[in-house]
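Colleague: Hi! Could you walk me through a couple of elements in this one?
Modeller: Happy to, let me bring it up.
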Amino acid sequence: PEAIGLYNLGQSCCLNSLLQVFLMNIRFTGILRRITVPRSPAQRKSNVPYQMLLLLEKMQCGKCKAVSPTDLACCLLEHRVRLFVQHDAAQLFLTLWNLLKKQMKKLELVEELSDLYTICIQEHLACQNCSSEIKSNSTMLTLPLPVLDANSHRLKSLEDSLQYFFHPEELTGQNMCFCQECGRKTTFLQSMKLVHLPQTLTLHLKRFGFERSSRTHKLSHYLPFPQELDFNEILTENQCQADDSEKATWQYELFAVVAHSGSTSCGHYCAYVRSLTERKWYCFNDSEVCQVSWDDVKCTYGHSSLYWRETAYLLIYMKKQPQ
């Protein structure tokens with residue numbers, strides 16, 4: 001009854017895949033079910049959380065193998081989310097989340113939504129000429145992970161990508177920063193430190209790169225990702241700015257993969273999602289839904305010689321429940 005497809009309205013595979021990831025997350029739907037219903041028909045028509053809730057209820061009726069997200073798509077159109085065009089899943093995910101947060105009226109639900117998805121990072125800038133240091137905290141919805149290093153060498157695993165993201169970088173030459181203490185531009189060491197991880201963690205594999213001609217191209221090479229992820233085993237002490245109680249919650253299980261097939265100009269999205277109640281993997285390919293195995297999910301690791309095949313683009317992990 002959970003695995004219900006969504007009809008493609010015309011290049012809406014990206015939207016459909018993201019909706020399946022949102023609506024299969026019972027913690028997210030727990031927030032969605034408690035929203036304040038807008039009073040007027042016009043307000044209900046343009047309210048993204050309400051239209052998403054209606055779609056969820058339509059999907060859970062269980063009468064059809066697939067339903068149409070037309071009303072939600074029209075609602076998004078009112079908020080300048082274009083239809084019948086190719087979207088980037090990472091950008092559309094951010095757009096949908098911001099609209100949900102903006103239109104939820106209850107402050108406690110906004111806080112719960114933020115707690116569910118928001119990552120906290122501390123950026124350090126340390127002058128290499130004196131002892132001055134600048135620290136600033138920032139939040140992000142996804143961790144944008146490189147799949148290549150600075151020398152364009154392929155990173156070999158998700159763990160390598162995470163380590164590279166948090167690896168300190170020396171800012172020299174044109175990238176030097178002005179130091180207040182030194183009174184001039186100096187070499188700085190820039191580093192990112194992990195402060196807080198949310199219950200639902202979204203990792204964005206940066207597989208779309210720019211060539212010198214400014215055209216985008218897809219990086220399809222093999223990059224495996226695990227079913228279980230422990231940040232305490234991946235990051236060093238210097239890459240974390242968190243206490244022991246926070247770090248104790250940094251064990252994750254893979255919940256969903258949003259995969260892209262094709263090229264940057266002609267592509268298709270589908271979602272692999274593990275049902276939190278049945279513990280089974282499903283592939284949501286618009287209106288077609290089927291149960292799959294972990295080996296099927298692993299096919300999204302990528303393969304350089306199979307350019308058009310599905311390649312993981314967004315990885316969604318959930319915190320493991322304490323035993």
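Modeller: One definition before we look at the sheet: two strands pair if DSSP finds at least two bridges between them. Keep in mind that this is a predicted model.
Colleague: Thanks! How many bridges join E14 to strand E15, then?
Modeller: Seven, and the two strands, with E15 at residues 267-274, run antiparallel. They form a hairpin with four residues between them.
Colleague: And which strand does E14 join through eight bridges?
Modeller: That is E18, residues 311-319, again antiparallel. Ala256 shows both pairings: its bridge partner in E18 is Ile316, and in E15 it is Val273.
Colleague: What about strand E13 and E14, in which sense do they pair?
Modeller: Antiparallel, over three bridges, with E13 covering residues 228-230. Asp230 stands opposite Gln251 of E14 there.
Colleague: Why is E14 largely enclosed?
Modeller: Because 11 of its 12 residues, in the run 251-262, are buried by the rest of the structure.
Colleague: Switching to helices: which residues of H5 are buried?
Modeller: Leu72, Ala73, Cys75 and Leu76, in a helix spanning residues 70-78. They sit on the same side of H5, because they cover an arc of only 160° around the axis.
Colleague: What covers those buried residues?
Modeller: The cover includes four helices: H1 (13-23), H3 (41-45), H4 (48-59) and H6 (89-103).
Colleague: Last one: which residue just after H5 takes a positive phi?
Modeller: Arg80, with a phi of about 65°.

Note on methods:
Residues are numbered from 1 along each chain as its sequence is written. This is a predicted model: local features need pLDDT of at least 70, side-chain atom pairs count only at pLDDT 80 or more; totals for chains, interfaces and linings use all residues. Side-chain values use heavy atoms; hydrogens and water are left out. Buried means under 20% relative accessible area, exposed over 50%, partly exposed in between (1.4 Å probe, protein chains only). The arc is that of the directions from the helix axis to the C-beta atoms. Contact means heavy atoms within 4.5 Å.
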